[in-house]
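Let's take a walk through this fold, a stop at a time. Have the coordinates open and follow along.

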Amino acid sequence: MSTTKTIQSALISVFSKDGLEPIVRKLHEQNVTLYSTGGTEDFIKNLGIPVVPVEDITSFPEILGGRVKTLHPKIFGGILNRQDNESDVQQMKEFDIPQIDLVIVDLYPFEKTVASGASEQDIIEKIDIGGISLIRAGAKNFKDTVIVASVNEYRLLLDLITEQNGATTLENRRLLATKAFHVSSHYDGAIFNYFNTDETIYKESIADGQVLRYGENPHQKGFFFGDFDAMFKKVHGKELSYNNLLDVDAAVNLISEFKTDGPTFAILKHNNACGLASRKTISEAYLAALACDPTSAFGGVLIANTKIDLATAQEINKLFCEVVIAPAYDDEAITVLQEKKNRIILVQNEVELPSRQVRTCLNGLLIQDRNNITDTKEHLKTVTITEPTASEIEDLIFASKICKNTKSNTIVFAKNGTLISSGTGQTSRVDALVQAVDKAKAFGFDLTGASMASDAFFPFPDCVELAKKAGITAVIQPGGSIKDELSINYCNENNLAMVFTGTRHFKH
């Protein structure tokens with residue numbers, strides 16, 4: 001039997017009629033018999049095209065307020081029969097079941113209804129039964145049946161039946177079946193997640209994926225699954241790479257810590273801040289952030305917590321950078337930043353980030369709650385005789401926000417609302433501190449009177465000893481070591497102020 005089949009009959013039952021008219025007209029032009037229900041039936045009639053009500057096949061009306069329309073052996077027999085199976089062919093004749101070659105169906109908007117804040121009763125009514133059954137039936141029998149389960153496939157279907165004069169190949173039908181199973185599995189996943197309260201069960205389905213140029217390295221394939229356009233408006237530049245996206249993610253998480261602060265600018269490289277400063281104007285903040293480490297800033301990702309004006313854009317334009325992100329830009333600033341052809345310019349929208357973080361691990365996944373704790377003055381407990389000054393408290397909080405968003409082990413030095421230097425991703429906290437001291441010296445920063453943040457406690461007093469020698473006067477750390485007293489005693493003996501937060505901020 002030929003694997004190419006010509007559509008002679010179609011069942012159409014959709015919630016949304018957008019984009020349906022050209023398909024209906026083309027099917028009618030090709031003398032396809034149309035079957036339909038309810039609102040779709042009326043839609044087809046209003047086009048002046050003949051349509052057979054499903055009730056005429058089933059001899060049974062819609063019941064239960066429309067909950068049951070197509071659930072009938074004569075409908076599903078028409079979809080599921082195997083045309084190369086003699087028993088099926090005989091039963092089709094015996095029970096007078098019409099052949100259905102094409103099924104066009106969509107599903108009630110369950111996710112949109114949940115997102116709208118509708119009542120549970122309204123949400124339950126948007127759990128599709130007949131539609132999901134039609135999709136599964138048509139997709140299962142792709143050898144003989146064409147299934148179109150989403151308006152996203154209307155263009156594909158129209159092109160196929162136009163170019164092939166109503167015929168489809170086995171490859172065409174298999175492709176549409178695959179897309180249909182994607183629709184049904186995504187839909188079922190959304191319903192499950194609405195009901196699920198068991199945190200040990202994880203299901204996630206993202207409908208739209210983006211193919212990237214490559215992954216971390218050119219020999220690796222890369223993909224992004226998510227709604228990038230919901231988070232950003234891209235106004236200029238090349239396509240974002242895998243590494244760009246990782247840096248953008250790090251930048252968004254970092255700047256969110258300073259969302260309610262004054263003008264703040266951050267520069268990131270390889271997911272870590274290499275420059276960050278808060279000032280009276282965003283231009284001043286950028287210049288101060290750049291001065292932290294102008295070497296690492298080359299090719300970095302830049303992000304601001306407020307509008308970028310012309311003066312700031314003119315300064316940024318002197319630097320080679322991959323991405324610039326801000327909640328808004330002056331028109332003149334956009335014009336200046338667009339002078340570099342490949343520079344990516346993003347407008348950040350107000351979008352709530354996922355409450356949980358997911359990463360692959362071994363042959364499975366690791367999932368955790370997002371680290372939503374940001375250290376504030378209210379969290380601080382002074383554990384030394386010397387108390388931090390008001391300005392030191394400001395710098396301690398400032399440094400802690402950066403520390404939280406830097407790879408462990410990490411040490412961060414801050415002074416006057418400026419990141420002075422940091423030691424990142426080291427195997428020992430002492431190494432991280434030494435790295436931060438050396439980096440500060442390399443760029444000519446005086447650490448006298450600076451504040452220090454650590455993402456975890458000090459098991460020994462060696463870190464505070466080194467910090468004191470470097471000129472640090474105040475320290476913020478979570479506390480919790482059985483040897484906390486060793487560090488506290490050293491600070492008391494050397495007039496260092498130290499506060500505990502009670503919250504560790506590892507970031508691996």
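Two strands count as paired if DSSP finds at least two bridges between them. Keep in mind that this is a predicted model. With that in hand, look at strand β16 (residues 356-361) and strand β17 (residues 364-369), which pair in the antiparallel sense over six bridges.

Strand β19 (residues 411-414) runs antiparallel to β20, with four bridges joining them. Here Phe413 has Ser421 in β20 as its bridge partner. This hairpin has four residues between the strands, and Asn416 takes a positive phi near 55°. Strand β20 (residues 419-423) is mostly covered, as five of its five residues are buried.

Now for the sheet. It's an open one of six strands, in the order β10-β15-β14-β13-β11-β12, and the pairing is mixed. β10 (232-236) and β12 (272-278) sit at the edges with a single partner strand each, so one side of each is left without a neighbour in the sheet. From one strand to the next, the twist averages 20°. For β10, the pairing is with strand β15 (residues 344-348), antiparallel and over four bridges. Within that pairing, Lys234 stands opposite Leu346 in β15.

Leu346 comes up again in the packing. The largest nonpolar core has 39 residues, and Leu346 belongs to the group that touches the most other members, along with Phe232, Val248, Leu276, Ile303, Ile325 and Ile402. Which helix gives the most to this core? That's α12 (residues 242-256), with seven residues. A second, separate core has 28 residues, including Tyr35, Ile135, Ile147 and Ile191.

Stay on α12 for a moment. The helix has 15 residues and reaches 22 Å from its first C-alpha to its last, close to the 21 Å expected at 1.5 Å a residue. Its buried residues include Asn244, Leu245, Asp247, Val248, Ala250 and Ala251. Further buried positions in α12 are Val252, Asn253, Leu254 and Ile255.

His186 is in helix α10 (residues 170-195). Is His186 buried or exposed? The cut-off for buried is under 20% relative accessible area, and His186 is buried because its value is 14%. Beyond its neighbours within four places in sequence, His186 is in contact with Glu111, Ser205, Ile206 and Ala207. With Ser205 there's also a polar contact of 2.6 Å between the side chains. Asp227, for its part, is 41 residues from His186 in sequence and 15 Å away in space, C-alpha to C-alpha.

The other histidine, His505, lies in the segment after β23 (497-500). At a relative accessible area of 4%, His505 is buried. Its contacts, again leaving aside neighbours within four places in sequence, are Asn371, Ile373, Asp375, Cys403, Lys404, Ser408 and Asp455. Which residue's side chain makes a polar contact of 3.0 Å with that of His505? It's Asn371.

Conventions. Residues are numbered from 1 along each chain as its sequence is written. This is a predicted model: local features need pLDDT of at least 70, side-chain atom pairs count only at pLDDT 80 or more; totals for chains, interfaces and linings use all residues. Side-chain values use heavy atoms; hydrogens and water are left out. Helices (H or I, at least four residues) and strands (E, at least two) are DSSP runs, numbered from the N terminus. Buried means under 20% relative accessible area, exposed over 50%, partly exposed in between (1.4 Å probe, protein chains only). Contact means heavy atoms within 4.5 Å. A polar contact is a pair of N or O atoms within 3.5 Å; within protein, one must be able to donate a hydrogen and the other to accept it, and residues adjacent in sequence count only if both atoms are side-chain atoms. Axes are lines fitted to C-alpha atoms, for helices over the stretch in contact, and angles run from 0 to 180 degrees between N-to-C directions. A nonpolar core is a set of buried Ala, Val, Leu, Ile, Met, Phe, Trp, Tyr and Cys residues joined through side-chain atoms within 4.5 Å. The expected span of a helix is 1.5 Å times one less than its number of residues.
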